[in-house]
Amino acid sequence: MATKFLASEQLPALLEALARDARLVIPAKSDGLVQFDIWELRKEVELQVLLARQSPKEWVFPQCETYLRFEYAMAAPEETQDGASGVAPAGVAPAESAPAQAAPAIPHETIQLESLNEAPRQVIFGLRPCDVRGFVQMDRVFGGYGGFYFDPLYNARREATTLLAVTCREPRSTCFCTAVGGSPAGQEGVDALLTEVGGGFVVEVLTAKGEAALAAAVSAGFLSDAGEAQVAEAVRVKTAASAKVDSPFTLEGIRENLRANFADDRWHDLCLRCISCGTCTYVCPNCYCFNINDSLVETEGERYRTWDNCFNPQYTEETSGHNPRAHKANRFRNRFSHKFWYYPEKYESLLCSGCGRCIMHCPTRIDIREVLRVMGAPAAAPSEGVAAAAAPAAASSATSPVADQSASTEGKEA
Ligand code: SF4
Ligand code: SF4
């Protein structure tokens, strides 16, 4: 598809053109924080700060959404053919007051349902390639095994969304996208990619959706064909950016190693600092777990879903009171195993795009790279690891919160 050039001074005009046909969502600074928000005139897009605090996932998968309203009512007893109510008067047997063929009518409860699914056309502009990969990773789950678990809420919004990403020129020390198969200029799931060069942006239009979103800007002349020198500069920017990203751990054998380390006591040591706040899951572009609740006031109610997080002690608690992840170490292990073992086993892809947000925002400075360096490495030698020998494992299971399960009882993907 086409490669265009956008002069820096034309950026506001491009945003205005994009907002004419769709809801436009941009990273913007407010009270010192960069957050994705709806664009309006004179609101400036913030592209110098690399990552918004939250990923843009909430614009497709909201933190809280009501998707059903319901109302209970009592239906009046139906009238019988002879005009009687069908309900026998007090003290009179039904056979004496109504024809034998009429079934006795009884008051009964009815329910009215209204389903809600708002999916306005929208363009998310200024997100990063790792944010886009977060959507691609969630698509596999909400698309659900060829449609079996197809999620209409997520998919309607995803279908209505166009993603115009910006190459990361200056990755942060916490970024590790290249270690998990991505890149500061990654194109997976991206509808158009903008790379900042001298005087403006090289715009690579990558999909029909991207082309449609930018059509008005092309006709208005805000986007011209990119020159060879501009394209070559974009390539240099991308190569230089990739070289700045660390590769803090290796993926080689990581699934097998996590399996082998399943009952290792180091999970317990690593999770000691964790306060189970769930921040790492809420800021993550691909954590997708949710909870469903009903709220009912007298006869009217709503059903809504909210983000959940696997650090919550009640996350896997069963109605019986049994909790297969009763200890913090079990829950901590689940987060990393889900991303690098259970999900990959199902989808042949990781559930992490290396954005580093969980590292930046964890209040106790738990670093996913460090956890994977330790627990994603080959299992410890017998003398070092609790799970290495059957006897020590059995002996320790009474006290070790991680050694009281086997990989098969833990279950697979949460
Ligand atoms: S696990 Fe951490 S680094 Fe990976 S995508 Fe989520 S927030 Fe980003
Ligand atoms: S952000 Fe840090 S402290 Fe909070 S749940 Fe995640 S790992 Fe634990």
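Modeller: Let us begin with pairing: two strands pair if DSSP finds at least two bridges between them, and strands (E, at least two residues) and helices (H or I, at least four) are DSSP runs numbered from the N terminus. In this structure, Leu6 stands opposite Phe201 in β9, and β1 and β9 pair in the antiparallel sense over 5 bridges. This is a predicted model, in which local features need pLDDT of at least 70 and side-chain atom pairs count only at pLDDT 80 or more, while totals for chains, interfaces and linings use all residues. Residues are numbered from 1 along each chain as its sequence is written, with chains lettered from A and ligands numbered from 1 in the order in which they are written.

Biologist: Which strand pairs with β9 over 6 bridges?

Modeller: Strands of a sheet pair through backbone hydrogen bonds, either parallel or antiparallel. Here β8 (residues 192-197) pairs with β9 (residues 200-205) in the antiparallel sense over 6 bridges, with Glu204 as the bridge partner of Leu193 and Gly200 as that of Val197. Their hairpin has 2 residues between the strands, and Gly199 takes a positive phi near 85° there.

Biologist: In what order do the 8 strands of the open sheet run, and which of them stand at the edges?

Modeller: The order is β3-β2-β6-β7-β8-β9-β1-β10, and the pairing is mixed. Because β3 (33-38) and β10 (223-225) each have a single partner strand, one side of each is left without a neighbour in the sheet.

Biologist: How many residues of β9 are buried?

Modeller: A residue is buried if 20 or more other C-beta atoms, placed from the backbone, lie within 10 Å of its own. By that criterion β9 is mostly covered, with 6 of its 6 residues buried, whereas buried residues make up 34% of the 414 residues in the chain.

Biologist: What surrounds ligand 1, and how do the residues around ligand 2 divide by class?

Modeller: A residue is near a molecule if its C-beta atom, placed from the backbone, lies within 6 Å of it; Ala, Val, Leu, Ile, Met, Phe, Trp, Tyr, Cys and Pro count as nonpolar, Asp, Glu, Lys and Arg as charged, and the others, Gly among them, as polar. Ligand 1 is surrounded by 13 residues, the closest being Cys284, Cys352, Cys355, Arg357 and Cys358, and its shell has 7 nonpolar, 4 polar and 2 charged residues. The shell around ligand 2, which includes Cys274, Phe311 and Cys362, divides into 8 nonpolar, 4 polar and no charged residues.

Definitions and conventions
Buried ≥ 20, exposed ≤ 12 C-beta atoms within 10 Å, placed from the backbone.
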